[in-house]
Protein chains: 2
Amino acid sequence: MIEKGGIHGVARAAGVSLMTVSRAMRGVEGVSEGKRAEILTIARSLGYVPNNNARALSQSNSTLIGVSLPTLFNDVFADILAGMRGTIEAQGYSSVIDTTEYSAQAERRWVERVLSWRPAGVVLTGVQHDPEVRQLLRAAGVATLETWDICDDPIDICVGMDHRAAGLLLGRHIARLGYRRPAFVGVERGQDPRAEGRARGIAQAFGEVGVDVLPVHAAPPDNTYRMGADGFRAVLAAHAPDVVCFLSDPMAFGGMMAAARMGLDVPGDIGIAGFNHLDLNTVLPLELTTVRTPRRAMGVQGARALIARIHGVVQERVVALPCELVPGATVRAQ
Amino acid sequence: MIEKGGIHGVARAAGVSLMTVSRAMRGVEGVSEGKRAEILTIARSLGYVPNNNARALSQSNSTLIGVSLPTLFNDVFADILAGMRGTIEAQGYSSVIDTTEYSAQAERRWVERVLSWRPAGVVLTGVQHDPEVRQLLRAAGVATLETWDICDDPIDICVGMDHRAAGLLLGRHIARLGYRRPAFVGVERGQDPRAEGRARGIAQAFGEVGVDVLPVHAAPPDNTYRMGADGFRAVLAAHAPDVVCFLSDPMAFGGMMAAARMGLDVPGDIGIAGFNHLDLNTVLPLELTTVRTPRRAMGVQGARALIARIHGVVQERVVALPCELVPGATVRAQ
DNA sequence: TTGTACGCGTTATCAC
DNA sequence: GTGATAACGCGTACAA
């Protein structure tokens, strides 16, 4: 419908050739300024928008970067994305977002779809993918960034963090405070590999002080806060822990609310810890014990590395950004 | 790089013509099953992904739906989107997301970009846009859905809700409980037209009981929870209200936390109300007084209407979905 | 069942 | 500074 004239219509209306319109629209040299202004006015009045499919087809280089996120219901990914987008757009690239709902299958389908647009680069969340994803991206020779997690052999490059180390950091802090009956509330196995990594780190920390078991409760899918609250009750009934670590801050908050409802004092009766240090924490009466993750920096540095990679510059293939313990006040003090 | 062979490479490797490969890849008739399997295997091993730019260029019909959201840092839009995506994908369409950060300029640029892909449909959040947006979309003749808000003359079709009516609903409830010194905490003017509509509704409700002023505090941009907390303190100091309505639930929660920190009892000393009824509320010790918005339904019905519109079916141009008051416990009882 | 010619809208290249 | 022509990779229509 838009092609009732397309570039031809504009050219005809302006009394010039296609090429002159093309040059005028793109802002490249080869058109007198007067003519350019005239053409732009006509194009605008005709509602002409260049056809990117044709442009992409006739050119080999693209400025499109596809970004895959597990979900939009998590400020973590919004933070990472915010960091990326600033950089991506400042460099003249544009991004296209999609979510996989934590499904490897959906991620694979998305990779095929985005590759069909011949993007300059692709961003994936995490390092665990359908085997075909790696193969597709490698075969396409497309610059690929994996983020949020790290691994030894990324598809292309990787800017993330070590979730196990982060769990270890948190776990050691908690263990040092004397807790000996920890528990973890997360989601079903395979749903969130990063959370599993953190749980392993926590388990390792407690292993170092002779506690060999970290009971894990997998919350059935629901709203995050309720998952935290229900998970807290479940793990309390099943394992009588003295401290409960949660997959995330929102879940930990749910746990805190459940504790209050049960008449339990935090941290007097039981300790609670979250993960990520999200905005919510800044207003809580009792600051949550958690780990601050470098989400925004990850986005910025990841995008920079990806664009450098697109330009053929390869630095380190894997960059792990550091986390920071937030002692908070939901576990007991020394 | 991927075109080291492209469809030609596959055809050559399989010993057939381009068209046979094309047919095999698309799953249409005209290829023997044996040959199809063989071709698919070869294509896969060669990492061949069809070029969507070429496909889109050669066809007039697209299955792409572009969706514009203000931000990802708000579960409201995640909810709407979740509702849409299910429908969109079930109908064989695919969606591309972008965020505008509440900037009309960014929205206009996005509309141009998405139109350059010749989408089947476009979804915009809200009804207030740069004038050119309307012109571009109308000129392109692309099916367009506006959502989350409503207006009398949508660009094309509109499935949303009446924010002023929602504010009126909430305001009347609060006014009926005897409150007479209301205040509103929102964001700077123009940042969120929907919130302004709700504030107008609240003001109208209080106008009905003879209270003609609704002091409004515009929180400077920050994290939502802190904006709520800081806004609460500011509005309290400036206007000594007996009830504070917030732009959203998360801000209201920030306000509740600030009240607690100031030693104020809610609702004993002061009333608080939010908007949207988000997941957070389900775990709070004191359920927030708020309005439940039909976000998911809006997404589902909006997507259905848009796809019907794409297929040429036009029902009502504007559909307003109803909201529901959640009395909660953060304003005093009757 | 399989292959050939042409067109989609744009840009690069070369000629004027 | 401007215009003509040939790609880009795929799908449609038709021919074999």
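Two residues are in contact here if their C-beta atoms, placed from the backbone, lie within 7 Å. With that in hand, we can begin with chain A of this predicted model. Among its contacts between residues at least 6 apart in sequence, 69% join residues at least 24 apart. Chain A holds 12 helices and 12 strands. Its radius of gyration is 25 Å, well over the 20 Å that the globule rule gives for 334 residues, so chain A is more spread out than a compact globule. Along the principal axes, the C-alpha atoms of chain A fill a box of roughly 80 × 40 × 30 Å. Buried residues account for 52% of the 334 residues in this chain.

Now let us move to chain B and look at a sheet. Four strands form an open sheet in the order β7-β6-β8-β9 (chain B), with parallel pairing. At its edges are β7 (216-219) and β9 (271-273) of chain B, each pairing on one side only. From one strand to the next, the twist averages 20°. Within this sheet, β6 (residues 182-187) and β8 (residues 243-246) of chain B pair in the parallel sense over four bridges. In one of these strands, β8(B), the residue B:V244 is the bridge partner of B:A183. Helix α8 (residues 163-176) of chain B packs on the sheet, touching β6, β8 and β9 of chain B, and its direction makes about 165° with that of β9(B). Helix α9 (residues 193-207) of chain B also packs on the sheet; α9 touches β6, β7 and β8 of chain B, and its direction makes about 175° with that of β6(B).

How do the two chains fit together? A rotation of 180° with 0.0 Å of shift along its axis superposes chain B on chain A, with an RMSD of 0.1 Å. That is the relation of a two-fold axis. In chain B, the C-alpha nearest the axis belongs to B:N53, 2.2 Å from it. Across the interface, 46 residues of chain B are in contact with 46 residues of chain A. Several elements of chain B each supply at least two residues to the side that touches chain A, among them α4 (52-58), α6 (104-115) and α10 (224-239). The largest share of that side, five residues, comes from α4(B). Of the interface residues of chain B, 100% are also interface residues in chain A, so the copies meet through the same surface.

A cis peptide bond joins A:V266 and A:P267, with omega about 5°; A:P267 sits in the loop between α11 (249-261) and β9 (271-273) of chain A. In chain B, the peptide bond from B:V266 to B:P267 is cis, with omega near 5°. Although B:E101 is not a glycine, it has a positive phi of about 55°. B:E101 lies in the loop between β2 and α6 of chain B. Is B:R118 buried or exposed? B:R118 is buried, with 23 other C-beta atoms within 10 Å.

Note on methods
Residues are numbered from 1 along each chain as its sequence is written. Chains are lettered from A and ligands numbered from 1 in the order in which they are written. This is a predicted model: local features need pLDDT of at least 70, side-chain atom pairs count only at pLDDT 80 or more; totals for chains, interfaces and linings use all residues. The radius of gyration is taken over C-alpha atoms; the globule rule is 2.2 Å times the number of residues to the power 0.38. A residue is buried if 20 or more other C-beta atoms lie within 10 Å of its own, exposed if 12 or fewer, and partly exposed in between; C-beta atoms are placed from the backbone. Two strands pair if DSSP finds at least two bridges between them. Axes are lines fitted to C-alpha atoms, for helices over the stretch in contact, and angles run from 0 to 180 degrees between N-to-C directions. Copies are superposed by least squares on the C-alpha atoms of residues with pLDDT of at least 70 in both.
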